[in-house]
Amino acid sequence: MLIFTNMLSKKTKYAINALVYLAKNDSGAPIPIGQISTDQNIPHKFLESILLALKNARILNSKKGKSGGYLLNRAPEEIDMAEITRLFDGAVALLPCVTYRFYERCDECVDEETCGIREVFLEIRNETVNRLKGATLSDIINRETRLKSASERKVLIDDKL
């Protein structure tokens, strides 16, 4: 029996939280790391390494000095979850034989070309990657706005009852 525990790492989750925060608070001025850390409840030292990786991947820009901090290097519509997931967690696939960038042949596989297991997990990987590529920072912010509006409407309706 196969059991998969391939969830997003804390590092990836924090990276997404920080990116969403930067996108929502984009005034053109850099946001200090301390502000991001405090507002998003992300340990400062951990956040430093995350933001550096995002900067090295050219997803973020940084400015040093008293008014320094981080800001997005691209529009929120251009930053997708596949890129962020791969940056911090590596392969998106559940099996090494179906990964795009990290391919490895499975030790127990007799014939990869006719392996039904591989085909099923390749389809899962393809669907997952397509969904992650289609999910951008902009989508996350739009969904959050929609969900908050729906929640507020529900509260108003409940209050009237």
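Author: Here come some questions about labels, each answered with a value and a cut-off. First, this is a predicted model: local features need pLDDT of at least 70, side-chain atom pairs count only at pLDDT 80 or more, and totals for chains, interfaces and linings use all residues. Residues are numbered from 1 along each chain as its sequence is written, and side-chain values use heavy atoms, with hydrogens and water left out.

Reader: What makes E112 and R118 a salt bridge?

Author: Their N to O distance is 3.9 Å, and the limit is 4 Å, so they count too. The structure holds six salt bridges.

Reader: Why does E112 count as buried, while K24 counts as partly exposed?

Author: Buried means under 20% relative accessible area, exposed over 50%, and partly exposed in between (1.4 Å probe, protein chains only). E112 has 13%, so it is buried. K24 has 43%, so it is partly exposed. E144, at 26%, is partly exposed as well.

Reader: How do you know that V120 can belong to a surface patch?

Author: Patch members need over 30% relative accessible area and no salt bridge; nonpolar side chains (Val, Leu, Ile, Met, Phe, Trp, Tyr) are joined within 5 Å, like charges within 9 Å. V120 has 41%, so it clears the area cut-off. V120 sits in helix α5 (residues 116–134), and L94, V120 and I124 form the nonpolar patch, with about 200 Å² of accessible area together. Such areas come from the Shrake-Rupley method with a 1.4 Å probe; for residues, only the protein chains shown count as cover.

Reader: Which kinds of residue line the second largest pocket?

Author: Its lining divides into eight nonpolar, no polar and two charged residues. Cys and Leu count as nonpolar and Glu as charged; C106, L95 and E108 are among the residues nearest the pocket's centre.

Key. Salt bridge = Lys/Arg side-chain N within 4 Å of Asp/Glu carboxyl O. Helix = DSSP H or I, 4+ residues; strand = E, 2+ residues; numbered from the N terminus. 1 Å grid on protein atoms, 1.4 Å probe; cavity = no way out; pocket = protein on both sides within 12 Å on 5 of 7 lines; lining within 4 Å.
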